[in-house]
Amino acid sequence: MAIVFLWILLYIAASPGECFVPKAGWYGGIVSESSATHQSITSEALLLVAKATLLDNPNPNLPDSTDNINAIAEDSLTISSLLMAYYGQVEARADNQMQRAVQSVVEGNTEIESGSLKTLASAHFDSEQFAAGQARLINTRSLVTDLISQESYDEARRQAGGLLHTLQDFYSH
């Protein structure tokens, strides 16, 4: 029986796994390419929210905007494809601004793994820190709201990214 258990452990340890990792390239490539990262989950979620927002607010100057957006294949969904579908063209300035905004949220998300918050249990819902993790989410949400009212949009996006990281950790642990 002990031999079977040992073989199972060796198989699990030697096999690539599908899991949730902080960002691409972590753990020396031990995880499979289909594993989700904080970066990929955040980027995908922001694209889906942008898509839903544009669908809820059709472009009055482009009657086909809703059909255009719905026609975007899931694996082709990008900021540029959304802008093209909604406006009928991609203005480089708007595309760059949206790319930077998404990147700012993603960076705020992944900074939780590299900064002083890396070992803070409440930032990751580690060590049974549910109450502290919940307080962190509530406080960070309030901070994001305050930053938006102060028109500190970049910092609001970075803090929102950190909030999403903590929320993602809650669901992944």
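## Close-up views of the helices and a loop

**View 1. H5 and H7 make a right-handed crossing.** A crossing has this hand if the near helix is turned clockwise from the far one by less than a right angle, and is left-handed if anticlockwise. The model is predicted, so local features need pLDDT of at least 70 and side-chain atom pairs count only at pLDDT 80 or more, while totals for chains, interfaces and linings use all residues. Residues are numbered from 1 along each chain as its sequence is written, and side-chain values use heavy atoms, with hydrogens and water left out. Helices are DSSP runs of H or I with at least four residues, numbered from the N terminus. H5 covers 92-111, and its axis lies 6 Å from that of H7, at an angle of about 50 degrees. Axes are lines fitted to C-alpha atoms over the stretch in contact, and angles run from 0 to 180 degrees between N-to-C directions. H5 is therefore oblique to H7; under 35 degrees would count as roughly parallel, over 145 as roughly antiparallel, 65 to 115 as roughly perpendicular, and the rest is oblique. On the H5 side look for Ala101, Ser104, Val105, Glu107, Gly108, Asn109 and Glu111, which meet residues of H7 including Asp154, Arg157, Arg158 and His165 (contact means heavy atoms within 4.5 Å). This contact has 3 nonpolar, 7 polar and 5 charged residues (nonpolar: Ala, Val, Leu, Ile, Met, Phe, Trp, Tyr, Cys and Pro; charged: Asp, Glu, Lys and Arg; polar: the others, Gly among them).

**View 2. H6 meets H7 in a left-handed crossing.** Here the axes of H6 (residues 130-149) and H7 (residues 153-172) come within 9 Å and cross at roughly 160 degrees. The two helices are therefore roughly antiparallel. Among the H6 residues in the contact are Phe130, Leu137, Val144 and Ile148, and H7 brings Tyr153, Ala156, Leu163 and Phe170, among others. The class count for H6 with H7 is 12 nonpolar, 5 polar and 3 charged.

**View 3. H2 and H4 pack with their axes 10 Å apart.** The angle between them is about 5 degrees, so H2 and H4 are roughly parallel. Leu47, Ala50, Lys51 and Leu54 of H2 face Ile79, Leu82 and Tyr86 of H4 in this contact. Of these residues, 6 are nonpolar, none is polar and 1 is charged.

**View 4. The largest nonpolar core has 10 residues.** Its members are Leu47, Leu54, Ile69, Ile72, Leu77, Ile79, Leu82, Leu83, Ala85 and Tyr86. Such a core is a set of buried Ala, Val, Leu, Ile, Met, Phe, Trp, Tyr and Cys residues joined through side-chain atoms within 4.5 Å. H2 (38-56) and H4 (79-87) each supply at least two of the residues, and H4 gives the most, with 5. Take a moment with Ile69: leaving aside residues up to four places away in sequence, Ile69 touches Lys51, Leu54, Leu55, Leu82, Ala85 and Tyr86.

View 5. Most residues other than glycine have a negative phi. Phe125 is buried at 8% relative accessibility, whereas Ser127 is exposed at 59% (buried is under 20%, exposed over 50%, partly exposed in between, with a 1.4 Å probe and protein chains only).

**View 6. Asp56 belongs to H2.** Asp56 is exposed, with a relative accessible area of 62%. Thr66 is 10 residues from Asp56 in sequence, and their C-alpha atoms are 8.7 Å apart.
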